[in-house]
Amino acid sequence: MPTGVMIPARNMPSTIGRNGTVGGLGSSSGLTLSQPTNMMEGQLHPLDMAQNTSESEIARLREEEFDSTKSGSENHEGASGDDQEQRPNKKKRYHRHTQHQIQEMEAFFKECPHPDDKQRKELSRELGLEPLQVKFWFQNKRTQMKTQHERHENTQLRTENEKLRADNMRYREALSNASCPNCGGPTAIGEMSFDEHHLRLENARLREEIDRISAIAAKYVGKPVVNYPLLSPPVPSRPLELAVGNFGAQPGIGGGEMYGAADLLRSISAPTEADKPMIIELAVAAMEELIRMAQMGEPLWMTSLDGTAAVLNEDEYVRTFPRGIGPKPAGFKCEASRETAVVIMNHISLVEILMDVNQWSTVFSGIVSRAMTLEVLSTGVAGNYNGALQVMTAEFQVPSPLVPTRESYYVRYCKQHGEGTWAVVDVSLDNLRPSPAVRCRRRPSGCLIQEMPNGYSKVTWVEHVEVDDRGVHNLYKQLVSTGNAFGAKRWVATLDRQCERLASVMATNIPTGEVGVITNQDGRKSMLKLAERMVISFCAGVSASTAHTWTTLSGTGADDVRVMTRKSVDDPGRPPGIVLSAATSFWLPVPPKRVFDFLRDENTRSEWDILSNGGVVQEMAHIANGRDTGNCVSLLRVNSANSSQSNMLILQESCTDPTASFVIYAPVDIVAMNVVLNGGDPDYVALLPSGFAILPDGTSLHGANIGEAASGGSLLTVAFQILVDSVPTAKLSLGSVATVNNLIACTVERIKASLSCESA
């Protein structure tokens, strides 16, 4: 070994004996654990030098090595304390570093705690020290810092240990004083976990509260209850002031009985405190039933003859779920269906849509005509909807005035089942308020949502209702009975299409396939928002909702046309005045997809659109919002053939899924549309949407999908909205009704003629 080379103490291993002494290799005496701590912190000992080192050199170096630091200001030069060797016969001479040297080395230590040889030599030359002195100072400083850090950690661990010990003593004391909630006797430690004991006490407290509330409620039996607000303001059933003939009941669709269910919505009252425990119990049982209905196979669910659908075995259902909301009422039919799909939306967003009544009714605007949350019994826990419970009313529709809507009063319950799995269930509460006006009961229905990779979700939807469908027109009976009108297949298909639309709205880039006058992202979003409002307005005004008063025109040669008037006042989204709506539904011997493609194509628009006056239709903008090319929003310009007439802009959205298709359009003001295309607020653009709803007729097994080249026909609903007078207080004239009647009749004839030519 070269003369004068020192071996750092950290390279010399140490051992701890059983007697608690610390010894190092080559050490003559160990350090006991009872020695003062400053022996380990500040005092360092020299290592034996190589044998060929001169005696005088060793003596000189030892004198310098014992010049170590005390708290960073005094240096005992030498090796680190791990391998120090006691030499009591040598007198120790202390040497203090100057304040300047200490400050410089402290500053260097902050930048580099482990300097290399070159840095140590440079530092020693600047400070007038030996490189070995610098090296040992840094070793001592590192040892000092490590000791301080360990002392701080020990203090923290000791505090945490004391806290855990106190908690342990508290839990032991609680267990020793625990008593059985059933018999009141003592419990032995180990028989019941602390959590279980806590839950049992909470359960006993809740039972006492239920008994107390039930006793209080029993005193008030027979007293009137406060009515809930209506879903929407009642529409006065004012007859058209025309001498056209009979404007009473609608022939062929159940007459006045069709609107009997409206009494249900008007008579819904608040659930009493005594009802709430029953509602909670019903919701919990419904959730359990939904999960089993979503996961079980045969014999509960049988495969249909063509292998495309699951059919509920009603006898097996009654055996499997003997409890519930009671037996099926007389004259009611059971409709049960189950459908599964993977949609492009994460499970958390899906749950939020289902539990927010506004988002839910917007996404399912083709199925839900009106909806309202009457009372929130629970908002959930941990900042999400897990455990949320809502009492709701809703009205479900088919886009045709020939199919009565279905009103339902029910509780909606949301629960998380494991990581990434949620379920939302509805079950009717009609048994709390029995009424002869009830036409539809929802047995446990809803969906099971499972998280999938990349933001997708797997949705299993179960729809199970008992309904009086005698009011359905003969044209739609087959469609309703197959489940394609209100069943799980329609809910899932609508959800899948709307998830694609929402993904399109949220897209940050404008696809290269989109053409026309849309130049920025804000304009694209505004145009999609305007189209969404147009679709919602159309769907809300085309069905046989109890909020509407449809009147069938009689004695005009077009008995199947129904009209309705509405006053528009102070609504920025509608032009002010009297709006006349007219709708009719009829059957076409043409597959739904061919009807849809014909009506949405701007090149064939002049064949049926009377208002375009034979002008050339040009697509100014195009936004794709789904996998199917038919799912898109377009801005059309009608170039008038007559030079004296100005050109007209039309906003159009076409959308299709396996159960329904829509082509909806509305004339728009050019100035207002320019504001929208520049990203302006679309809510102030006045719209009167018209359009078409296309459904399969259900003649093939379990209904033909729209996307399939099926042999079945189509059920087409044509609906127009026209502003007949800009003064809301004006009277409706016979000429206005005749004009709208002729318009819809001519449009129907043109569509039939064009499609029959294609079929031929």
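Residues are numbered from 1 along each chain as its sequence is written, and side-chain values use heavy atoms, with hydrogens and water left out. Because the model is predicted, local features need pLDDT of at least 70 and side-chain atom pairs count only at pLDDT 80 or more, whereas totals for chains, interfaces and linings use all residues.

The structure contains 26 salt bridges, a salt bridge being a side-chain nitrogen of Lys or Arg within 4 Å of a carboxyl oxygen of Asp or Glu. One of them is formed by the side chains of Arg 412 and Asp 426, with an N to O distance of 2.8 Å. Since Arg 412 belongs to strand S9 (residues 406–416) and Asp 426 to strand S10 (residues 421–428), this pair ties together parts that are 14 residues apart in sequence; helices (H or I, at least four residues) and strands (E, at least two) are DSSP runs, numbered from the N terminus. Arg 412 is buried at 3% relative accessibility, and Asp 426 is likewise buried, at 4%, where buried means under 20% relative accessible area, exposed over 50%, and partly exposed in between (1.4 Å probe, protein chains only).

A further salt bridge is found between Arg 442 and Glu 463, whose closest N and O atoms are 2.5 Å apart. This pair links distant parts of the chain, with Arg 442 in strand S11 (residues 440–442) and Glu 463 in strand S13 (residues 457–467), 21 residues apart. Arg 442 is buried, with a relative accessible area of 4%, and Glu 463 is buried, also with a value of 4%. Arg 412, Asp 426, Arg 442 and Glu 463 are linked in a network of salt bridges.

The salt bridge between Lys 593 and Asp 597 has an N to O distance of 3.5 Å. Both residues lie in helix H15 (residues 592–600), where they are four residues apart, about one turn of the helix. Lys 593 is partly exposed, with a relative accessible area of 34%, and Asp 597 is partly exposed at 28%.

Strand S19 (residues 648–656) is mostly covered, eight of its nine residues being buried. Strand S18 (residues 632–639) runs antiparallel to S19 and is joined to it by seven bridges, two strands being taken as paired if DSSP finds at least two bridges between them. Within this pairing, Leu 636 has Ile 650 of S19 as its bridge partner. S19 also pairs with strand S20 (residues 661–668) in the antiparallel sense, over eight bridges, and Cys 655 has Phe 662 of S20 as its bridge partner.

The buried residues of H8 include Ile 279, Leu 282, Met 287 and Leu 290.

The axes of helix H13 (residues 488–506) and helix H14 (residues 521–540) come within 9 Å and cross at roughly 150 degrees. H13 is therefore roughly antiparallel to H14, given that angles under 35 degrees count as roughly parallel, over 145 as roughly antiparallel, 65 to 115 as roughly perpendicular and the rest as oblique. The contact (heavy atoms within 4.5 Å) involves Arg 501, Ser 504 and Val 505 of H13, and residues of H14 including Arg 524, Leu 528 and Glu 532.

Conventions. Axes are lines fitted to C-alpha atoms, for helices over the stretch in contact, and angles run from 0 to 180 degrees between N-to-C directions.
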